[in-house]
Amino acid sequence: MNTEAAAYFSRELLGWYRENKRILPWRMNRDPYRIWVSEVMLQQTRVDTVIPYYERFMEKFPTAAALAEAPEEEVLKAWEGLGYYSRARNLQAGASEVLERHGGVVPDNKDAVSSLRGVGPYTAGAIMSIAFNRPEPAVDGNVMRVLSRFFCLEDDIAKPSTRVKIEKLAQSLIPEGAAGDFNQALMELGALVCTPKSPGCLTCPVMAHCEGRMAGKEHVLPIKTKAKPPRPETRLAALIVGSGEHAGKVLVRQRQSSGLLARMWELPHVMGPTEPFGSAARSKGRGRRKSIAAAGTEVSGESLLTADSTAAAAEGTEPPFLQTTQQQGIAPGGGGLVAGGAGTIGADADRQTAHAAHVDMLCRELFAQDGLLVRPTGWWGEAEHVFSHIVWDVQVYRAEFGYWLAEESALEKPDYGGSAVNGDSQLAAESGVSYETGNAEEGAATPPQYRWIGLEQMRELAFPNVFLRLLRDYWETADGFTD
Ligand code: SF4
């Protein structure tokens, strides 16, 4: 390494930062808890997005103890919309450790900080340097980019060995007594000037000795092998709209207590076919919600319900809910599964066939997984949700709570462990009972992880972004409360 260039880099960068740093809420003081929260929120998320979340979060949970003692549901709700919810859970678990082991005060000790739940080398370095001014590197993607360019490093930054090398380099650059400011200066330069796609070399405070720029490689560096693209998954969701005592409400489900999006709330949904469906839909635009008529995808009730159930009926295997739906017909105006039979399918026959298969799959899988019976009434819309490794194409079908034909059923009647459903031989599960008799107790006939909610309850529960958007869209529409 050219030591003169290194000294120049540290000196100029620090001077630039001290004159140009942004005023950000986590820079108000050096409280390690505040810095910790900000660093966790800023992972994978833009500063502008984080600011309002951060301010609300700090107001609600001003100390590690307040966060540790809060109900998880409240923490997730405060995080709702930021994504990567395991960050919030880990942060709360880390706060509990701080409370138990360190009396609620984040310790000035690198090993102790590094051992906290969810705290990796970057976050530990950021806390130690910014809060305690310890000469620890804090190397994230921004920093790797800046240093790769300035020192013209051609190592693959996707490799752990490169990270280790750059951490050593970053540590060696920290000026005496200025670790916090220097690390923030590096991050700031990466965020504002040495940006991924268009580095602003002409306004860069370290341009004069930037080896990457002098080699004409500022647009090529850093070298990074491409990660695999996220795997597409079709998800079939049911927007189950209540009637009777549940009028104006929607049935939602809480996810399991571990794994992806643990304990968050969602529309009930199942894995769809492996054949991508959304690509066709997306070629028409990425709207979150499309009216079926407007999107030119009006679905015939007949086609929707007969594609699979006719074949199943021939084999005598159709589930009772599909029989019931066919027998009772689809209510006109119920959301799009109407309009006159097979003749209305029109040019988009493939899409119609896909809808039919989806509905069949949705009914069967929701019953198989949760014992939930649904009666689809139409395609409602779609949304996309991108995780780091998968991308969900969520196809939403509007539905009513399903009818249950006890005498005709070859399947076991669902037992949700609640109080008895009316003993009528032609029963429905909850909505059927309430439609017929109005005497079902609230929640008695839904599986325990399900809940009927209105707009008010939605504000109390934490939803992943995709379902938050869909539900907001539902309630924002004129018919949201009229079903
Ligand atoms: S001169 Fe250009 S490439 Fe070099 S550090 Fe500055 S912005 Fe980045």
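Which strands form the open sheet with antiparallel pairing, and in what order? Three names to remember: the order is β3-β2-β7, 3 strands in an open sheet, and the pairing is antiparallel. At the edges stand β3 (265-266) and β7 (450-453). Each has a single partner strand, so one side of each is left without a neighbour in the sheet.

Before I go on, some ground rules. This is a predicted model: local features need pLDDT of at least 70, side-chain atom pairs count only at pLDDT 80 or more, and totals for chains, interfaces and linings use all residues. Residues are numbered from 1 along each chain as its sequence is written. Helices (H or I, at least four residues) and strands (E, at least two) are DSSP runs, numbered from the N terminus. Two strands pair if DSSP finds at least two bridges between them.

Back to that sheet. Strand β2 covers residues 250-254. It is joined to β3 by 2 bridges, and the two run antiparallel. Look at Q254: W265 in β3 stands opposite.

Now the whole chain. It holds 19 helices and 7 strands. It has 483 residues, and 43% count as buried. Buried is for 20 or more other C-beta atoms within 10 Å of a residue's own, exposed for 12 or fewer, partly exposed for in between, with C-beta atoms placed from the backbone. Next, contacts. Two residues are in contact if their C-beta atoms, placed from the backbone, lie within 7 Å. Take the contacts in the chain with a separation of 6 or more: residues 24 or more positions apart account for 71% of them.

There is another open sheet. Its 4 strands come in the order β4-β1-β6-β5, and the pairing is mixed. The edge strands are β4 (269-271) and β5 (374-386). Each has a single partner strand, so one side of each lacks a neighbour in the sheet. The twist averages 25° from one strand to the next. For angles, axes are lines fitted to C-alpha atoms, for helices over the stretch in contact, and values run from 0 to 180 degrees between N-to-C directions.

Strand β1 (residues 231-240) is joined to β4 by 3 bridges, running antiparallel. Within that pair, L236 stands opposite V270 in β4. Helices cover this sheet too. Helix α16 (residues 349-370) lies across β1, β4, β5 and β6 (390-401), at about 95° to β5. Helix α19 (residues 465-476) packs on the sheet as well, touching β1, β5 and β6. The direction of α19 makes about 130° with that of β5.

On to a helix pair. Two packed helices are described by the angle between their axes and the distance between the axes. Take α9 (residues 141-150) and α10 (residues 160-173): their axes come within 11 Å and cross at roughly 80°. The two are therefore roughly perpendicular; under 35 degrees would count as roughly parallel, over 145 as roughly antiparallel, 65 to 115 as roughly perpendicular and the rest as oblique. Which residues make the contact? From α9, V143, M144 and L147; from α10, I166, L169 and A170. By kind, that is 6 nonpolar, no polar and no charged. Here Ala, Val, Leu, Ile, Met, Phe, Trp, Tyr, Cys and Pro count as nonpolar, Asp, Glu, Lys and Arg as charged, and the others, Gly among them, as polar.

Stay with α9. It is mostly covered, with 8 of its 10 residues buried. Those buried residues pack against α1 (3-20), α10, α11 (179-192) and α12. Just after α9, C152 takes a positive phi of about 50°.

Around the ligand are 15 residues, and C194, C201, C204, C210 and E218 come nearest. A residue is near if its C-beta atom, placed from the backbone, lies within 6 Å of the molecule or strand in question. Two elements give two or more residues to this shell: α9 and α12 (211-214). With 3 residues, α9 gives the most. The shell divides into 10 nonpolar, 2 polar and 3 charged residues.

Two last stops. In helix α5 (residues 72-79), V75, L76, K77, A78 and W79 are buried. They pack against α3 (47-60), α4 (64-69) and α6 (86-102). Just after α5, G81 takes a positive phi of about 105°.

Finally, V105, in the loop between α6 and α7 (110-114). Is V105 buried or partly exposed? Partly exposed, because V105 has 13 C-beta neighbours inside 10 Å. D31 is 74 residues away along the chain, yet the C-alpha atoms of V105 and D31 are separated by 9.6 Å.
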